Amino acid sequence: MTGTTRYVVRRVLQSVVLLWTISMLAFTLMRLAPGGPAMFLEDPRIRQADLDRINESYGLTEPIHIQYVKWLAHVAQGDFGRSFIDQRPVMDKIAERLPATLTLNLA
């Protein structure tokens with residue numbers, strides 16, 4: 001291996017480890033936040049039984065490491081899930097906002 005190839009391989013591996021670490025931290029912090037992901041559904045009219053059913057349907061009652069592995073498997077397949085707020089696919093929401101994001105970054 002040449003010096004340049006070795007450098008590129010090392011940087012790619014470092015990037016993979018960094019992205020994995022960031023994803024794990026962000027996922028864990030979101031799950032451990034008061035109310036968890038279901039906090040977006042906070043509505044004084046929602047009964048606890050309904051909230052428990054919602055948590056069950058999203059798999060939020062499973063251990064956090066199982067949730068992370070399932071989430072990571074879905075993300076690896078390009079499935080970012082559905083929005084907690086309006087139930088639309090997250091990829092649709094990203095695609096909707098991508099042109100404005102790119103315009104701002106290019107400016």
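1. A polar contact is taken here as a pair of N or O atoms within 3.5 Å; within protein, one must be able to donate a hydrogen and the other to accept it, and residues adjacent in sequence count only if both atoms are side-chain atoms. The model is predicted, with local features needing pLDDT of at least 70 and side-chain atom pairs pLDDT 80 or more, while totals for chains, interfaces and linings use all residues. Residues are numbered from 1 along each chain, and side-chain values use heavy atoms, without hydrogens and water.

2. Ser23 lies in helix 1 (helices are DSSP runs of H or I, at least four residues, numbered from the N terminus). Its side chain reaches the backbone oxygen of Trp20 at 2.9 Å and makes a polar contact with the side chain of Tyr68 at 2.8 Å. Ser23 counts as buried because its relative accessibility is 16% (buried is under 20%, exposed over 50%, partly exposed in between, with a 1.4 Å probe and protein chains only).

3. In helix 2 (residues 48–57), the buried residues are Leu51, Ile54 and Asn55. They lie on the same side of helix 2, because they cover an arc of only 100° around the axis (taken from the directions from the helix axis to the C-beta atoms). Exposed residues Ala49, Arg53, Glu56 and Ser57 sit on the face turned away from that buried side.

4. Just after helix 2, Gly59 has a positive phi of about 75°.

Key: Helices (H or I, at least four residues) and strands (E, at least two) are DSSP runs, numbered from the N terminus.
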